[in-house]
Amino acid sequence: MTKFLPFALPEIGEEEIQEVVECLRSGWVTTGPKTKQFEQDFAAYLGDGGEAIAVNSATAGLHLALEALGVGPGDEVIVPTLTFTATAEVARYLGAELVFVDVDPITLNIDVPAVKAAITSKTKVIMPVHYAGLACDMDALLELAHAHGVKVVEDAAHAFPTSYKGRLIGTLDSDITVFSFYANKTMTTGEGGMVVTKDPALAKRMKIMRLHGISKDAFDRFTSKTPSWFYEIVAPGFKYNLTDIASAMGIHQLRKIDRFLVRRQQLAKRYAEELAGLPLILPADAPAGGTHSWHLYVIRLREDVSIGRDAFIQALSDRGIGTSVHYVPLHRQPYWRDTYGLAPEQFPHADAAYRAMLSIPLYTKMSDEDQTRVIQALKELLC
Ligand SMILES: *Cc1c(COP(=O)(O)O)cnc(C)c1O
């Protein structure tokens, strides 16, 4: 029997292992010098003067972002329905209301006209998600947001490194951008995330709230006089700091990210070529000047395919090929559906995409032979 091919796998090398071991031996295992280095390296990679703040998940980062922007009861936050629940849940932590909008049927990214129609006097933040690693129409979104005095927090969990019109996601003119280093993302620290902003006041607030609301200003101003045990609590903060163990991994994952991207691009290109003749809707590539991170490769069965999506996933699994679905849209999730009275008819594009979609294996550790197996299975099932 051939081995089961998972839909995603991290690539962790000896460099990461050595650095983690060194961290363990050093005795400094929580946030410290390695996290500081990881933050500096990440900011340097983006290279536009923004500050990078390491957190223990992207979910934590999104929460910090909305908190720093002052989101609270009475505010509305606009999100696409086709996303992971983390994008939306953080607004509920703060007592704000969600407004869900449909996606563009081609890119599967948040639909800008739908966002425009959803803006009210209560709208505080728009949270675009760069779905699968393809940048949203950020010029249009930022223009819309600025015209209405609305903030923009990019959920860039899929988008490292993704570029838009020649600029990396994380360097655009939104307020805050949040990346994820969860195990199946384009680079990983096991669990982890990075928050990026060019606004010093937002950065300061997020750093304070990342660690219990502890302000270090007293230390900074009176270093010589303040005893090391002294600190000030200025808010009821959170426990969202990243450990040095995780950052030790991140430092080396980051050094490999350009190679990882090249491999993902190769795999995506080959899928596009080999699957072109099949009754599938293939994922849109980035327009000229942009780069797709290819975090996910999401295919959709065309309506004329006789086999249903669920049976198709089962047939691939029977052939030893793992897949996933990104995502059961939030309008179909019991909590969101019932809290906001959502129905599929309100989100025709996301709902149709959901019913036809599956994510097929794409990760750097996949061999060409692995990919051939996926392509052969798809051809067998669809020809
Ligand atoms: C993975 C993911 C998150 C959450 O990331 P964590 O680091 O696991 O908290 C948020 N949004 C999207 C779109 C994601 O895919």
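## Domains

Domain bounds come from an automatic or database domain assignment. On that basis the protein splits into domain 1 (14–255) and domain 2 (257–382). The model is predicted. The C-alpha centres of domain 1 and domain 2 are 26 Å apart. Domain 1 gives 40 residues to the contact, and domain 2 gives 34 residues.

## The interface between the domains

About 3100 Å² is buried between domain 1 and domain 2. Carbon and sulfur atoms account for 61% of that area. In domain 1, the residues that lose the most area to domain 2 are Thr81, Phe100 and Thr186. Together they make up 18% of what the domain 1 side buries.

What is the count of salt bridges between domain 1 and domain 2? It is 0. Polar contacts are found, however: 22 residue pairs across the interface, both residues at pLDDT 80 or more.

## A sheet of three strands

An open sheet is formed by 3 strands, ordered S12-S13-S14, with antiparallel pairing. Strand S12 (280–281) and strand S14 (357–360) are at the edges. Each has a single partner strand, so one side of each has no neighbour in the sheet.

Strand S13 (residues 297–301) is joined to S14 by 4 bridges, and the two run antiparallel. Arginine 300 sits opposite methionine 357 in S14.

Notes. Residues numbered from 1 in each chain as written. Predicted model: local features only at pLDDT ≥ 70, side-chain atom pairs only at ≥ 80, totals over all residues. Heavy atoms only, no water. Contact = heavy atoms within 4.5 Å. Buried area = accessible area lost by both parts, 1.4 Å probe. Salt bridge = Lys/Arg side-chain N within 4 Å of Asp/Glu carboxyl O. Polar contact = N/O pair within 3.5 Å; in protein donor to acceptor, adjacent residues only side chain to side chain. Pairing = 2+ DSSP bridges.
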